[in-house]
Amino acid sequence: MPRANPESSFEVAARHLFRHLNDVKSLRYNPLVRSMHVGAENGGADRAVLLAVHERILMEASALCKDHAAAGSKLRAHRQYAIVAALCAGEPAAVTATRLRLSRRQYYRERRIVCVRVSHALAQVGSGGAARSEVGDPLRLLLARAEALLDQGFARRAVDLLSAARAGLPEGGARSAVQLRLADALISLGSASRAERLLAECSADAGAHKRGDPTDQWLHDRQLLVSARLAMETGRNADAGFALESLARRRGAAEDADEEALDALLECGNWYCQNGSFSRARRMLDRARDISRRLPHAAAHRQIAMTLLAAHCAEDSIDEFGLEHHWLSEALALSISNGSACGMLEAMNGLMGYFVSTGRDDEVYALAKESLRIAQDAEGTRVLADVGIEIATMMLRTRHWRSIDPLLFEVEKLAQPDTLRWAILKHLQGNFLMRGGRYDRARAPLLGAYEAARRVSNPRLESIVLRDLAVVLHRAGSVTEGIEFMKHAVELAEDYSGIWSLWNTYEAAARLLTDRRIVRLARQARAAISARASASHGEGDHTLGSALAKRARRSHQSPEARPRLTIGKG
């Protein structure tokens, strides 16, 4: 019987790969994994090559199976990954089928499906991506340096570096590229008005670029992305969302894979999570992972951003409770090892939310203090404002809620009115007053937060504010109005909330509404919350503690006068 030629087609290559998965000599001829053999012919490294092939296959299988688990097929995802692992281990098919309680026919059907999917992922990795648009090497290094400074929390230094470079450049594509990065740095610094003037200047210069210039499309896409970030900073969130969706749709459908496409998909995915559209965020994550596999090297902060997006997407799934913690811990470890202050802070914010949902109040408090210390050392006010608001959000749900009294009102100086940040802050202030039993005083900030959430078109925040406003109105004597608000809060939460927020909404609604369905869902939520807390009981976060302990405690504050935020004693 003649041997099948793995070069003849993708289908033959896929069958050949998994038929000869433990035969390193046969695998040398398989186009899906041939690149892993380069340089190993004379080194006697057959065993190392085989291990590398197995590691790559298991990594692709793990990513695919996690995606399917997120879509609701958790049992099947685990089964398919077990089949691939058994193939790599050389386990006979009959033994694997018996162990997984599958009929022989069902085993081979599942094996064919997962092997084809893994082979497709390997083919995408091997195909590589189109070459990036050509930007001169010195300019590329400058932009990369500025990007690294921003990620490390040195927004002021990035602004100074880019401003000096821009002053020495003539009109043209290089100057526009520097201006766009400078606008981005100014947004991080908290200087939205200066960023807006730079973007207007870039728009005026756009017509001067030569059509067909290889950097022209890169500049256009970068301008759309920075403009969307600025729109979110100034309260035009709906405009930002429209721009991000348009950019992500076009870049996600394109054949070329580059870091700009990755940025667009990750930014859009985060925007979807922020607004409670988790299924759309997962689609962005899937496409970002696909592009990342095709890139030879992606900057560390983009890998961190992708891991954080995976954690945010997990907020919508009961089954992904453990995965949420896994992704957040991995993002924190990556951030610490790469010196990413922004990544560290976002991962720590996520972990605070995880600890809140499992009743670990003391760990929330400790993490809040460390997070604020890191943010206080960062240059500019944007990071500090975000961290202050995030800490207040988490601490309000713990027994240490009174300790945010100074912080909650100090951070108001950093929040621009009519923005999402301002809406969240007003909600927190109303929530703080409500927890202290001052319902009459809580009503005004909560109403302001509700109107602001509607202005920035954020239904996720709108549902949370409505829930708390309904409780305040009900307890202040406006019973009918409170009931109507709570009904609307439930409707919004069921469409746009993460699982933790939805559970809290059911709990609050059950106390106000005489609705059997809500009461039943609240009872289920209480059981789920209890199980969630029990699952994490005694779960030590030694990695977190040791990683933070190893981080160098060096201060890099800007010499300019900056506000100081404080947390009271727990």
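A: **Helix packing: α9 and α11**

In this predicted model, helix α9 (residues 173-189) and helix α11 (residues 216-233) cross at roughly 20°, and their axes come within 10 Å. Angles under 35 degrees count as roughly parallel, so α9 is roughly parallel to α11. The crossing of α9 and α11 is left-handed.

The contact draws on named residues from each helix. From α9 come Gly173, Ser176, Ala177, Leu180, Arg181, Ala183, Asp184 and Ile187; these meet Trp218, Leu219, Arg222, Gln223, Val226, Arg229, Leu230 and Glu233 of α11. Sorted by class, the contact of α9 with α11 has eight nonpolar, three polar and five charged residues. An α-helix has 3.6 residues a turn, so residues three or four places apart point the same way.

Another pair can be described in the same terms. Two packed helices are described by the angle between their axes and the distance between the axes. Helix α19 (residues 382-395) packs with helix α21 (residues 420-435) at an angle of about 30°, the axes being 10 Å apart. That angle makes α19 roughly parallel to α21. Where α19 passes α21, the crossing is left-handed. On the α19 side the contact residues are Arg382, Ala385, Asp386, Ile389, Ala392 and Thr393, and on the α21 side they are Arg421, Ile424, Leu425 and Leu428. The class count for the contact of α19 with α21 is six nonpolar, one polar and three charged residues.

Helix α15 is mostly covered, with ten of its 14 residues buried. The buried residues in α15 are Arg302, Ile304, Met306, Thr307, Leu308, Leu309, Ala310, Ala311, His312 and Cys313. Among them are the charged residue Arg302 and the nonpolar residues Ile304 and Met306.

Last, one residue elsewhere in the chain. Ser501 lies in helix α25 (residues 499-512). Its relative accessible area is 12%, and buried means under 20%, so Ser501 is buried. Leaving out residues up to four places away in sequence, Ser501 touches Ile464 and Arg467.

Definitions and conventions: Residues are numbered from 1 along each chain as its sequence is written. This is a predicted model: local features need pLDDT of at least 70, side-chain atom pairs count only at pLDDT 80 or more; totals for chains, interfaces and linings use all residues. Side-chain values use heavy atoms; hydrogens and water are left out. Axes are lines fitted to C-alpha atoms, for helices over the stretch in contact, and angles run from 0 to 180 degrees between N-to-C directions. Helices (H or I, at least four residues) and strands (E, at least two) are DSSP runs, numbered from the N terminus. Angles under 35 degrees count as roughly parallel, over 145 as roughly antiparallel, 65 to 115 as roughly perpendicular and the rest as oblique. A crossing is left-handed if the near helix is turned anticlockwise from the far one by less than a right angle, and right-handed if clockwise. Contact means heavy atoms within 4.5 Å. Buried means under 20% relative accessible area, exposed over 50%, partly exposed in between (1.4 Å probe, protein chains only).
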